[in-house]
Protein chains: 2
Amino acid sequence: MKKKIKRNYYCGDLTKEHEGEEVCLSGWVQTRRDLGGLIFVDLRDRSGIVQVVFNPERKEAFKKADEIRSEYVIAVKGKVCRRPAENVNAKISTGYIEVIGEELDILSKAKTPPFPIEDNIKVDEIVRLKYRYLDLRRPSMQYNMIFRSKINKAIRDFLDENGFVEVETPVLTKSTPEGARDYLVPSRLNPGKFYALPQSPQLFKQILMVAGMDRYYQIARCFRDEDLRADRQPEFTQLDIEMSFVDVDDIISLNEKLIKYVVEKVTGIKVEIPFARMTYEQAMEKYGSDKPDTRFGMEMVDISNIVGSSSFKVFSDVVKDGGRVKGINIKNGGKAFSRRQIDELVEKAKEFGAKGLAWMNVTSEGIKSPITKFFDEQTIKEIKDKFDCEVGDLIVFIADSNAELVMTSLGSLRIYLAKALNLIDKNKLNFLWITEFPLLEYNEEEKRFVAKHHPFTSPMEEDIPLLDKEPSRVRAKAYDIVLNGTELGGGSIRIHDAALQEKMFETLGFSKERAWNNFGFLLKAFEYGTPPHGGIAYGLDRMIMLLLGLDSIRDCIAFPKTQNASCPMTDAPSEVDAKQLKELHIQVKI
Amino acid sequence: MKKKIKRNYYCGDLTKEHEGEEVCLSGWVQTRRDLGGLIFVDLRDRSGIVQVVFNPERKEAFKKADEIRSEYVIAVKGKVCRRPAENVNAKISTGYIEVIGEELDILSKAKTPPFPIEDNIKVDEIVRLKYRYLDLRRPSMQYNMIFRSKINKAIRDFLDENGFVEVETPVLTKSTPEGARDYLVPSRLNPGKFYALPQSPQLFKQILMVAGMDRYYQIARCFRDEDLRADRQPEFTQLDIEMSFVDVDDIISLNEKLIKYVVEKVTGIKVEIPFARMTYEQAMEKYGSDKPDTRFGMEMVDISNIVGSSSFKVFSDVVKDGGRVKGINIKNGGKAFSRRQIDELVEKAKEFGAKGLAWMNVTSEGIKSPITKFFDEQTIKEIKDKFDCEVGDLIVFIADSNAELVMTSLGSLRIYLAKALNLIDKNKLNFLWITEFPLLEYNEEEKRFVAKHHPFTSPMEEDIPLLDKEPSRVRAKAYDIVLNGTELGGGSIRIHDAALQEKMFETLGFSKERAWNNFGFLLKAFEYGTPPHGGIAYGLDRMIMLLLGLDSIRDCIAFPKTQNASCPMTDAPSEVDAKQLKELHIQVKI
């Protein structure tokens, strides 16, 4: 039997250093070109591309080289030679050399692929997903997959070094009525009963703290049966962390070190710690968002006090109603926005939920604005001072008796303006902690307070007395980590005190029975000695997407699902045999 | 607010080195003893136990110490002191010191646990699983979990170092008709359709090779809805590996290095490589098993040739029928087994499927056996030579016209004898490769050949011509890794040649249509340039169980399921709301 060509180098690893060496390569044919009686093949593998040249002197190899087409899989034996100076391609690391092919094996033929295996191609995403094995051959997708693997590795190295134990929690678990919609799995051995796929390992990680594991982590698959948006998948990956005998600062500090380590290790980008911190209240006041993008300024300014008693009813009335008037200063906006464009801004503001948008142009001849007439000189001065106005600035205002609406709509407008004015430095990585989230929010539908995070989130100690009097003012020991305006993850210190936990359920309007029905096994566990504990969970797909600067999480997931949660490659989900359903004691009912 | 005691040491980390230091500890109360007016507390955390002493001089702390009970969670501040010589406990690393408690916080009270938190207790396993958070507090279970985490880490370190990319494959995937029973997940967005949970990432890992990932690994959760045995779980963890441009030796060699690295790193036990290798045929002949335990000898010896023409019909008839006569020499068995015990052995052999068991006692006065009379002197001599007989040996024989039955029943008897005679050195780690498995086995029910591994397993090149003539004799490029008589994992080189794949399906009696219906997306992928590839998968739970010397995989899984696939702690699986089922377009039908 003929001796096989056995790879001893990756294509992309060959450089001038290897000149004169006999090498064996394997890979896919990127291109074949015939030129001056020679056959040039660009051979591609995971590491890169190298040029292989076949000349007619090597009859057998030359003949085979003539057969090959794009995406054929071949093995080549040959000698590394320097390219003639005029043929050097300084853009790639292998561009100084070429391999003179001596032997060639065709390992696998290939049909013409439905799209070329190269980056920056325009192909319908469904086609890419259907031929995912071809799509993943493209250098950018290979890069994304390898990047993702490196992120995982760096996370694990750091956490291992810091005493965390990786524990695998069940995928077949119990359906709980809170949270998002569960994926269910019928049980064959327990007729009429169902497992649920976990929305997160939340209860298990708390159980592990009760079990004394002290520091737990897991890169865990989680499942939510929700209608899909661009950055949602039915199954997604969560970096899940929980620690015992810690408070907020311990968790924040450890996670800053984790992020610094991982990002610096994998991307080489320098990360400064500690990160900025902002309370939920500050974030809402300044940015109108609990995940502000701080890569640019344009902070929101509150002028309710200044204009509350003005004759401009639109402003003064909302202030009297307990509402707010807030604005942002668009530096040099006077030139950037024509009158017509300002009208468009007003429409945008309405899209974001505001009733309207007032504005003032700061010109060298004073303020120009339809509303100037309503304010006396002193008020105008105070407004100008408050916004640090300079000639050329454009100030826009939103007023509403619903204070939250003022913040969120102006916050959205702020983001819109930053994009429109190209104010965002794409090279920045602005990490930011948001702390002191509200513990509760009032649910109008259910006419009760519900937990903003979950019922096990601990209130801040100094706010516990407010649980009875003003539940809405109680702040939680909860925190989110935000990167460039996107939430990367969040967590909290959990309640570990039985009496406080009961108080919490009371505040939520839960009967003891209901609490035990929903969370019985955790409450029972808490009776046997529970350490103070807390943790965090990161949406890993999203983190990787952001670090890679991708627009879609699907580009950093090997086999993602489409909008209707199906896989064009495997055709999952699919119909199954009646026998299978019978064994599972279920039937289809459409 | 009172300042909290903030842990700065783990309990088990304190030694004489820390004498005089003020330390803060947190953990669970193992025991509290009152002695000579002092209160002694054994404080436990993940790292170990340390003794804390409270004396009445520290009034406040002493009073609190009086309240605490077993499993209370406390925080202690105190000074490390040397124990008086008479109180030293040299058995534990903290036994030379004690902590004189100055401050004490009770962080959480505890009910009396249903079983003590210590090793070597006899508790019903259902109770252990119901109170898993207590069971996991026991030092041995904490050790197992941490050991498991270390194994995972070592695996990842090695594979990362060797150029493997970790890729996450889907959990919501497509049901395939081959293999074990699938767990199904109804799709809400695709009425009447179902996902299946993966039995292994087999097809995806091959797709990843087609995609050019070159070296893939994943520690993957897999699911099989089978009736459970001691070492089976509905969900289990697989170390999954696949490589491109390799043959059997490459995979075996890499995996030997992997196992050596992981075992040495985590256990400190020296592992010699390369491991022993044995073909499937050799293993069956010598050990009657494709996963032989080679920690002891007692190899099987074939005497069909010697006794085939004897006058002992039981032997000669089976040989004429194409069957076999095989035996094993139980060294010094003559004394170990009384006549009555030999009769019991005969019964055992029957349990293992043999029709009977013949035997010969080698005494100083010659062979004693009911069957000696059937053999002439020359035959007796040949038998004695073949078995290397010495005075005191007991030889047992099994004969059957079904050769395989001879091997498997005698193989089982061999294991039984080794255990009965205590021949197994529990400290040995005997790794062994079994190679050249049969590609096909004849299925009497379906009256056709079926793949022993799966239809993508490559035959050995030299046996390809036999596919037409004698399919049963075709050997596969398949291999299993065996440790101490248990299969740890297995894999194969896959077919990557379209023509050979078609031939294989033909041999299996598959129509082209059926092949495409079952494996369409993989066959389609293979049309676009497929590298030669192969891989392996390890049952990680089982590997960890063996390395820890456990009897049950449930002892190295944090939250395992019971025999009926339920979880006594969470009560999964459970009934769900009718609304949930309606959304999923299914109903229960019992």
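This is a predicted model: local features need pLDDT of at least 70, side-chain atom pairs count only at pLDDT 80 or more; totals for chains, interfaces and linings use all residues.
How many Å separate the centres of domain 1 of chain A and domain 3 of chain A? Taken over C-alpha atoms, the answer is 64 Å.

Residues are numbered from 1 along each chain as its sequence is written, chains are lettered from A and ligands numbered from 1 in the order in which they are written, and side-chain values use heavy atoms, leaving out hydrogens and water.

Chain A has domain 1 at 11–108, domain 2 at 142–278 + 431–556, and domain 3 at 296–420; these bounds come from an automatic or database domain assignment.

How about confidence? Chain A has a mean pLDDT of 95, with 99% of its residues at 70 or more; pLDDT is the predictor's confidence in each residue, from 0 to 100. For the complex, the predictor gives an ipTM of 0.95 and a pTM of 0.95.

Now the two chains together. Chain B superposes on chain A by a rotation of 180 degrees with 0.0 Å of shift along the axis, at an RMSD of 0.1 Å. The same surface serves both copies, as 100% of the contact residues of chain B recur in chain A (contact means heavy atoms within 4.5 Å).

On to the aromatic rings. Over all chains, there are 50 aromatic pairs. Rings of Phe, Tyr and Trp (its six-membered ring) pair if their centres lie within 6.5 Å; planes under 30 degrees apart are stacked, over 60 edge-to-face, and the rest tilted.

Is the pair A:Phe505 and A:Phe519 stacked or edge-to-face? The pair is stacked, because the ring centres are 6.2 Å apart and the planes are at 25 degrees. Both residues are buried, meaning under 20% relative accessible area, with exposed over 50% and partly exposed in between (1.4 Å probe, protein chains only).

In chain B, B:Phe456 and B:Phe505 are edge-to-face, 6.2 Å centre to centre with 90 degrees between the planes. B:Phe456 is buried at a relative accessible area of 1%, and B:Phe505 is buried at 5%.

Back in chain A, one aromatic cluster is formed by A:Phe312, A:Phe315, A:Phe374, A:Phe375, A:Phe387 and A:Phe397.

Note on methods:
Copies are superposed by least squares on the C-alpha atoms of residues with pLDDT of at least 70 in both.
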